[in-house]
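Here is a short briefing to read alongside the sequence and the 3D view. Have the structure open and follow along, topic by topic.

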Amino acid sequence: MKTKELSLAAETLMITELLGKSKEELREFCVALGEPAFRGAQIYHALYSERKVDVGQITNLPAALRERLSKEARVTLPEVKQRFTSTDGSVRYLFGLPGGEEKLARPASVEAVFMPSEGRQTICISTQAGCAVDCHFCLTAQLGLIRNLTAAQVLLPLEEAHRGTRIEEKDAGLKPAATKSGLAPQTNIVLMGQGEPLLNFGPVMEAVRIMLDPAGMEISPKHVTLSTSGIVPGIERLAEEKVRPKLAISLNASNDEQRDLLMPINKKYPLAALMNACKEYPLRTWEHLTFEYVMLGGINDAAEDARRVVRLLSPLKSVKVNLIPWNPGELPYRESSEERIEEFRRILVERGVPAFVRYSRGRDVMAACGQLALLQIDGAPMSVVSPK
């Protein structure tokens, strides 16, 4: 009996996960099976462009190869553990992640947020389960780092979008409009969910390359944004990538003393180092750096804070600032008043720094910026703080 169990375990370990594999990895996989390398390119196109997640549907592969792949390969689709629909149409998903052999790969859960609107959608993706950066105003930080995600797991929300977006649009009374890949014609991907993308650089960039590949998911770089807390070596590494998303920096403070208290990562990468990395970052002709600034009442929202932000950003070439009203949670902060936010925005704009107020969607189901904290898992109650 034990021999049989060991044999079954060995077979299970030999099964190859196809989702998240690059074209070259799939070519090498097919060669290892004794097949021509071009079969890997066919699988790649079927997976990411045609969104065929059942190998039996890849009809341009020989029947014998499809039969073999059904036994030796798999495409793991997301396990939706829970789903919460906001009154504004946004949907917060809790995905279950199985364990694995890689480090920190114990079973876990992770979140994604879908924000559909007419003819377009925004998908907020996590890159880690939990987060180690410890921004004090963010509920996700309270989890700590649970595990890094693989490239396949970073892509999971897009598979759910393919399967579910048109249903959500229909439920919201919107006219479904999908591309050949199953995504809305204008799909914005924001790597702004749980985790710090630049602390999981390799798998995140593997997933991003597939998203941006014209032969893959065919999403424009103009519609994919990676948000970082300011990991300077990661920013410098990203600058060297030929294929990369847009970059957004979570600033959230106007000087080092303030930022040290709100974002302890600033003690390792202080504002001078961060601004220098931003100054050296090679922007494309159509591109600007985005700075995100969470407005915390009585802490970072004074007129003098706005003037200091102007001085910080003035040496940079092309920037914009998104002012994000703090989203309520069980933390010792409060929202800035609308008057304070407007005054802050006006000071930036009058001094030549484009600034916009971005109200988050999905606040009523804890789906907004800074609220993703794996609430209501396995029947535990979800703490919902109603917006003002």
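Which backbone nitrogen does the side chain of Gln-128 reach? The side chain of Gln-128 reaches the backbone nitrogen of Glu-196, at 2.9 Å. Please keep in mind that this is a predicted model.

- You will find Gln-128 in strand 7, which covers residues 128–130.
- Gln-128 has a relative accessibility of 2%, and because buried means under 20%, Gln-128 counts as buried.
- The side chains of Gln-128 and Asn-148 are joined by a polar contact of 2.7 Å.
- Leaving out residues up to four places away in sequence, Gln-128 touches Val-110, Leu-145, Arg-147, Asn-148, Leu-149, Gln-194, Gly-195, Glu-196, Leu-199 and Asn-200.

- Ten strands make up an open sheet with mixed pairing, and their order is 3-4-5-6-9-10-11-12-13-14.
- At the edges stand strand 3 (79–85) and strand 14 (355–357); each has a single partner strand, so one side of each has no neighbour in the sheet.
- On average, neighbouring strands of this sheet are turned by 20° against each other, direction ignored.
- Strand 10 (residues 224–228) and strand 11 (residues 246–250) run parallel and are joined by four bridges.
- Leu-226 has Leu-247 in strand 11 as its bridge partner.

**The largest nonpolar core**
- This core holds 102 residues, and the members touching the most others are Phe-137, Met-211, Phe-291 and Leu-313.
- Helix 6 (residues 201–212) gives the core its largest share, with eight residues.
- Setting aside residues up to four places away in sequence, Met-211 touches Ile-125, Val-154, Leu-155, Leu-158, Ile-189, Met-217, Glu-218, Ile-219 and Val-224.
- As general background, nonpolar side chains tend to be buried together in soluble globular proteins.

**Lys-317 in its loop**
- Is Lys-317 buried or exposed? With a relative accessibility of 63%, Lys-317 counts as exposed, because the cut-off for exposed is over 50%.
- Lys-317 sits in the loop between helix 10 (303–313) and strand 13 (319–325).
- Apart from neighbours within four places in sequence, Lys-317 is in contact with Lys-279 and Tyr-281.
- Lys-317 and Leu-289 lie 28 residues apart in sequence, and their C-alpha atoms are 8.6 Å apart in space.

Key. Residues are numbered from 1 along each chain as its sequence is written. This is a predicted model: local features need pLDDT of at least 70, side-chain atom pairs count only at pLDDT 80 or more; totals for chains, interfaces and linings use all residues. Side-chain values use heavy atoms; hydrogens and water are left out. A nonpolar core is a set of buried Ala, Val, Leu, Ile, Met, Phe, Trp, Tyr and Cys residues joined through side-chain atoms within 4.5 Å. Buried means under 20% relative accessible area, exposed over 50%, partly exposed in between (1.4 Å probe, protein chains only). Helices (H or I, at least four residues) and strands (E, at least two) are DSSP runs, numbered from the N terminus. Contact means heavy atoms within 4.5 Å. Two strands pair if DSSP finds at least two bridges between them. Axes are lines fitted to C-alpha atoms, for helices over the stretch in contact, and angles run from 0 to 180 degrees between N-to-C directions. A polar contact is a pair of N or O atoms within 3.5 Å; within protein, one must be able to donate a hydrogen and the other to accept it, and residues adjacent in sequence count only if both atoms are side-chain atoms.
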